[in-house]
Amino acid sequence: MALSAADRAAVRALWRKLGSNVCIYTTEALERTFASFPATKTYFPHFDLSPGSAQVKAHGKKVADALTLAVAHLDDLPGALSALSDLHALQLRVDPVNFKFLGHCLLVTLARHYPGDFGPAMHASLDKFLSHVSAALASSYRWTPEGVAGPQPPLPRAPESQ
Amino acid sequence: MVHFSAEEKAAITGLWGKVHVEEAGGEALGRLLVVYPWTQRFFDNFGNLSSASAIMGNPKVKAHGKKVLTSFGEAIKNMDNLKGSFAKLSELHCDKLHVDPENFRLLGNVLVIILASHFGKEFTPEVQAAWQKLVAGVATALAHKYH
């Protein structure tokens, strides 16, 4: 399910079109995520989540910047997102299922604002891109760097058959 | 048991009244097959599914999409008893069709995206939330008789 040349071209073209408005859409996507998937709010007990919240807008900008970074590095998403992966895995400890919810709500937001650009092929390319971003974000989750919890013991060998 | 508030029901039925079931059904099923190509496994006898345009234009996809969405419409009339409404279809999808219930969730989300693209501003976060509840309820109801 690697990103094809056509997928990359589609994502880059849409991102150029969104221009400096990306953060408007990521903020709306966050609002939609909180409304449709209330469990996601558990990660933001310190936020005012009411409509128009400045904190949600600021967070939307962070998400927008991260996605724009991802679009600029479609050839190496795991590399480009490795610091963010560490952040989500080791500090924020957000269950990766939530990346899917935000990704879905971003698709809903883009479909709502750009219906003419959101044909089936674009929908597929964007969905693939967002799954790759989610996978890259989740890539640090089962890795414990030495020094934090020490090296992991080797897996037990399967018993030799008699 | 999923419970829908009066506002949620209004958000759902209000939009549903304006949905062109035949068109939306074909679009939903078509997009499912394009965006998640492994779902094509259930439709070997549908003919040409070789490209996005082939899929979206395929008459069997359109016909089947209409069937699926019509059934969805029946459920909207029975939002307080989704499990009861979908019991027979649940048995069918398990025993005869062997469809992984994950596919119901995928189709539900594709439908939400299509509604967003058709209704734009009207598809507010609150309206979306009501619809997410409905599609999740339908997916659960369709999986309920699985064994």
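This is a predicted model: local features need pLDDT of at least 70, side-chain atom pairs count only at pLDDT 80 or more; totals for chains, interfaces and linings use all residues.
Mentor: Residues are numbered from 1 along each chain as its sequence is written, chains are lettered from A and ligands numbered from 1 in the order in which they are written, and side-chain values use heavy atoms, with hydrogens and water left out.

Trainee: What makes the pattern of chain B α-α-α-α-α-α-α-α?

Mentor: Helices are DSSP runs of H or I with at least four residues, strands are runs of E with at least two, and both are numbered from the N terminus. Chain B has eight helices and zero strands, and reading along the sequence gives α-α-α-α-α-α-α-α.

Trainee: How do you know whether the radius of gyration of chain B agrees with that of a compact globule?

Mentor: The radius is taken over C-alpha atoms, and the globule rule is 2.2 Å times the number of residues to the power 0.38. For 147 residues the rule gives a value near 15 Å; chain B has 15 Å, and therefore the two agree. Along the principal axes, the C-alpha atoms of chain B fill a box of roughly 45 × 40 × 20 Å.

Trainee: Why is Asn103(B) called buried?

Mentor: Buried means under 20% relative accessible area, exposed means over 50%, and partly exposed lies in between (1.4 Å probe, protein chains only). Asn103(B) has 12%, so it is buried. This residue belongs to helix H7 (residues 102-119) of chain B. Across chain B, buried residues make up 50% of the 147 residues.

Trainee: Which residues is Asn103(B) in contact with, leaving aside neighbours within four places in sequence?

Mentor: Contact means heavy atoms within 4.5 Å. On that basis, Asn103(B) is in contact with Thr39(B) and Phe42(B). Among contacts in chain B with a separation of 6 or more, 73% join residues 24 or more positions apart.

Trainee: Why does Met1(B) count as exposed?

Mentor: Its relative accessibility is 74%, and therefore Met1(B) counts as exposed. Met1(B) is in the segment before helix H1 (6-16) of chain B. Not counting residues up to four places away in sequence, Met1(B) touches Asp80(B) and Lys83(B). Met1(B) and Ala141(B) are 140 residues apart in sequence, yet 9.5 Å apart in space, C-alpha to C-alpha.

Trainee: What makes the phi of Arg93(A) worth noting?

Mentor: Most residues other than glycine have a negative phi. Arg93(A), which is not a glycine, has a positive phi near 50°. Arg93(A) lies in the loop between helix H5 (82-92) and helix H6 (97-113) of chain A. With 59% relative accessibility, this residue counts as exposed.

Trainee: What is the phi of His98(B), and where is this residue placed?

Mentor: His98(B) has a positive phi of about 55° although it is not a glycine. The residue is in the loop between helix H6 (87-96) and H7 of chain B. Its relative accessibility is 52%, so His98(B) counts as exposed.

Trainee: How do you know where the "domain: Globin" feature lies in chain B?

Mentor: The UniProt record (unreviewed entry) places it at residues 3-147. UniProt positions are given in the numbering used here, feature names are shortened, and annotations may be inferred rather than shown by experiment. In the model, that span of chain B is 70% helix and 0% strand, with its end C-alpha atoms 25 Å apart.
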